[in-house]
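Dear colleague,

My notes on it follow.

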Amino acid sequence: MAERTLDLDAVRAFVRIADLGSFTRAAEALRTTQAAVSLKLKRLEERLGARLVERTPRHVELSGQGAAFLVHARALLEAHERALSVAVSARQRLAIGISDHVAGPELPALIARMNSQNPQLLIEIRIGSSGDLLHDFDRRELDTVLVRQHVDRSDGEMIAEEKFGWFAVPGWEHRAGEPLPLATMAAPCGVRAMAEELLDDAGIPWTEVFVGGGVMAVAAAVMAGLGVAALSPRMVPFGALDVGPKLGLPELPRLPVLLYSRVKDGRGRDALGALAAAFRGAVRG
């Protein structure tokens with residue numbers, strides 16, 4: 001019987017499909033086409049003599065044999081990375097900056113996916129404002145930044161566009177005749193500046209009642225009933241309501257998320273591809 005060997009690229013494509021639940025997102029993570037990913041999976045299934053993935057109109061699911069093989073596929077890739085690292089004296093460092101308005105509750109899972117892509121990476125994450133992170137990127141203190149579109153530039157790679165709303169705690173009421181109470185991020189914050197400018201243009205009086213050093217602090221102020229905040233739906237605790245239509249507040253635009261990176265090749269690039277694809281999935285919901 002002819003010796004059977006496995007194509008590591010095909011195994012890697014299968015793991016990405018399993019992790020991301022989508023051929024499209026797997027292709028984005030691997031920086032290739034959906035057709036190429038499908039072909040790799042087909043050849044892997046032919047090599048193994050088993051169907052690994054069940055394709056349905058809405059989503060992708062692993063077959064029973066696919067779920068069993070996934071454990072061994074991960075172990076194979078990890079062993080391969082360990083073998084490659086034998087000749088490397090130090091871990092490759094990857095310094096990433098993520099805007100506070102971009103880093104959400106999915107961040108631990110996104111970091112885990114980057115680590116599974118390359119366990120030998122030394123990942124450094126810095127959270128801050130988009131302006132500060134872009135400044136650090138230009139000073140070469142960061143290899144990559146994932147930020148909201150900044151007022152002064154928009155030359156990065158578009159990753160996603162995310163919806164925003166005016167959120168308040170259930171049961172909160174705006175007192176008639178009083179300025180709209182706002183919970184905001186500390187300056188400089190592009191979302192804060194945009195929200196306040198839109199209110200000014202609409203002729204709606206407002207006042208800041210809470211200034212937080214991070215999105216989670218602002219979301220906590222909202223849930224404490226202090227006022228209204230302009231936030232992405234994925235950033236607010238369950239139960240918060242978008243009160244913009246009820247209060248007649250100006251519609252907030254979808255805000256772009258941009259990726260700036262100097263990492264052009266190597267395993268760091270693959271890890272960033274996995275991060276970008278997973279983030280697109282988080283924003284799309």
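How much space lies in the largest cavity? The space in the largest cavity is about 90 Å³. Please note that this is a predicted model, in which local features need pLDDT of at least 70 and side-chain atom pairs count only at pLDDT 80 or more, while totals for chains, interfaces and linings use all residues. Residues are numbered from 1 along each chain as its sequence is written, and side-chain values use heavy atoms, with hydrogens and water left out.

Cavities

A search of the whole structure finds three cavities of 30 Å³ or more. A cavity is a set of points, on a 1 Å grid over the protein atoms alone, where a 1.4 Å probe fits but cannot get out. Grid points are joined across faces, edges and corners, and a volume is the space filled by probe spheres set on the points. The largest cavity is lined by 14 residues, and those closest to its centre are Ala-183, Thr-184, Val-191, Arg-192 and Ala-230; a lining residue has an atom within 4 Å of a point. Strand 8 (180-185), helix 7 (190-201) and strand 10 each supply at least two residues of this lining. The largest share, four residues, comes from strand 8.

Overall composition

The protein has 10 helices and 12 strands; these are DSSP runs numbered from the N terminus, with helices being H or I of at least four residues and strands E of at least two. Of its 285 residues, 45% are buried, a term that stands for under 20% relative accessible area (1.4 Å probe, protein chains only). The accessible surface comes to about 14500 Å², and carbon and sulfur atoms account for 53% of that area; the areas come from the Shrake-Rupley method with a 1.4 Å probe. Contacts (heavy atoms within 4.5 Å) were also counted between residues at least 6 apart in sequence, and 75% of these join residues at least 24 apart.

An open sheet of five strands has the order 4-3-5-12-6, with mixed pairing. Two strands pair if DSSP finds at least two bridges between them. Strand 4 (121-128) and strand 6 are the edge strands, each pairing on one side only. From one strand to the next the twist averages 15°.

Strand 12 (residues 255-261) is largely enclosed by the rest of the structure, because seven of its seven residues are buried. Leu-255, Val-257, Leu-259 and Ser-261 lie on one side and Pro-256, Leu-258 and Tyr-260 on the other, so that both faces are covered. Strand 5 (residues 144-148) runs antiparallel to strand 12 and is joined to it by five bridges. Across this pairing, Leu-146 stands opposite Leu-259, and Val-147 stands opposite Leu-258. Strand 6 (residues 157-162) also pairs with strand 12 in the antiparallel sense, over five bridges, and here Met-158 stands opposite Leu-258.

Helix 6 (residues 130-138) lies across strand 3 (92-99), strand 4, strand 5 and strand 12, and runs at about 155° to strand 5. Axes are lines fitted to C-alpha atoms, for helices over the stretch in contact, and angles run from 0 to 180 degrees between N-to-C directions. Helix 6 contains Asp-136, which is buried with a relative accessible area of 15%. Leaving aside residues up to four places away in sequence, Asp-136 touches Arg-126, Glu-141 and Leu-142.

Three strands form an open sheet in the order 10-7-11, and their pairing is antiparallel. Its edge strands, each pairing on one side only, are strand 10 (229-231) and strand 11 (241-242). Two bridges link strand 7 (residues 165-168) to strand 11, and Ala-168 has Leu-241 as its bridge partner. Helix 8 (residues 215-223) lies across strand 7 and strand 10, at about 130° to strand 10.

The second largest pocket has a volume of about 170 Å³. A pocket is an open set of grid points with protein on both sides within 12 Å along at least five of seven lines. Of the 13 residues in the lining of this pocket, Phe-164, Gly-165, Asp-242, Glu-251 and Leu-252 are the closest to its centre. Strand 7 and helix 9 (244-247) each supply at least two residues of that lining.

With kind regards

Key:
Buried means under 20% relative accessible area, exposed over 50%, partly exposed in between (1.4 Å probe, protein chains only).
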